[in-house]
Amino acid sequence: KNLGYKPYWERWVNVLSSEEDRQLLHKLFNKYVPSCILMILEGIVDGRQGEKLKAIVPQTNLNLVSQLCYMLDALLAIRTSGEAASEKDAKGGGLGIGATTLEAYFLLALYWSLGAALVEDSRVKFDAHVKKLAQLTDVPGPGPVAGPGEIPSHYPTLYEYSFDGARLKWVPWSDKIPTYEHQAGKKFHEILVPTVDTVRNT
């Protein structure tokens, strides 16, 4: 507890082979994480005391950062396994993705780690805070129109989007819902109708 969460982050990021990737991730971490943790756990925004955000389960700063690292592990493993298309701004070596795409993955991980356990009202406040920190171009319009270095705004929060590494676009979760096909032989308790939440949480 006395050491805080930074040693955990340092240990995780130092495993990466590319110095460039480490520097980019450190920059993103410092841009978003300390401010978001202060807002969530202490209610402090821009040095002013406010109300703590409400979560469905109690969390510590170390818990939040460890979740962020696990999310980044999962997302970047998917990216580097060949699922995603090669990117124009890649510098080569390491993760092989550029700064703007890495930030998109980082934001996705941030929302589903630090922001995952927040209740609905607190999610709205968290989303507004992150977008203020991001200072990225706002792109209105339905569907996957925003790319790396941009924030989609057709839906009110970024919780409604997933970053698709293959298309390099923010895609609404609602676009990923498969068509429901009823199977007459299934018992009632075996039926699962796909929704935004079933897609988002599986």
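These notebook entries record what I looked up in a predicted model.

**Entry 1: salt bridges**

I began with the charged side chains. Side chains of opposite charge can pair when their charged atoms come close. I noted that the structure holds 5 salt bridges, and I followed up some of them.

**Entry 2: Arg22 and Glu19**

I looked up the pair Arg22 and Glu19, whose side chains form a salt bridge with N and O 2.6 Å apart. Both residues belong to helix H2, which covers residues 19-42. Because they are 3 residues apart there, about one helical turn separates them. I then checked accessibility. Arg22 is buried, at a relative accessible area of 17%, whereas Glu19 is partly exposed at 42%.

**Entry 3: Lys31 and Glu103**

I turned next to Lys31, whose side chain meets that of Glu103 in a salt bridge of 2.8 Å, N to O. I recorded Lys31 as partly exposed, with a relative accessible area of 30%. Glu103 counts as buried, at 10% relative accessibility.

**Entry 4: Lys132 and Asp46**

I found a further salt bridge between Lys132 and Asp46, with the closest N and O atoms 2.9 Å apart. This pair also links distant parts of the chain, 86 residues apart. Lys132 sits in helix H5 (residues 120-134), while Asp46 is in the loop between strand E1 (44-45) and strand E2 (48-49).

I examined Ser18, which is located in the loop between helix H1 (6-13) and H2. Is Ser18 buried or exposed? I noted Ser18 as buried, since its relative accessibility is 13% and the cut-off for buried is under 20%. A polar atom of the Ser18 side chain lies 3.3 Å from the backbone nitrogen of Glu20.

**Entry 5: packing of H2 and H5**

At what angle do H2 and H5 pack? I recorded an angle of about 150°, with the axes 10 Å apart. H2 is therefore roughly antiparallel to H5, as angles over 145 degrees count as such. The crossing of the two helices is right-handed.

I also listed the residues that make the contact. H2 contributes Lys31, Tyr32, Ser35, Cys36, Met39 and Ile40. H5 contributes Lys125, Phe126, His129, Val130, Leu133 and Ala134.

How values were computed. Residues numbered from 1 in each chain as written. Predicted model: local features only at pLDDT ≥ 70, side-chain atom pairs only at ≥ 80, totals over all residues. Heavy atoms only, no water. Salt bridge = Lys/Arg side-chain N within 4 Å of Asp/Glu carboxyl O. Helix = DSSP H or I, 4+ residues; strand = E, 2+ residues; numbered from the N terminus. Buried < 20%, exposed > 50% of the residue type's maximum accessible area, 1.4 Å probe, protein only. Polar contact = N/O pair within 3.5 Å; in protein donor to acceptor, adjacent residues only side chain to side chain. Axes fitted to C-alpha atoms, helices over the stretch in contact; angles between N-to-C directions. Parallel < 35°, antiparallel > 145°, perpendicular 65-115°, else oblique. Left-handed = near helix turned anticlockwise from the far one by under 90°. Contact = heavy atoms within 4.5 Å.
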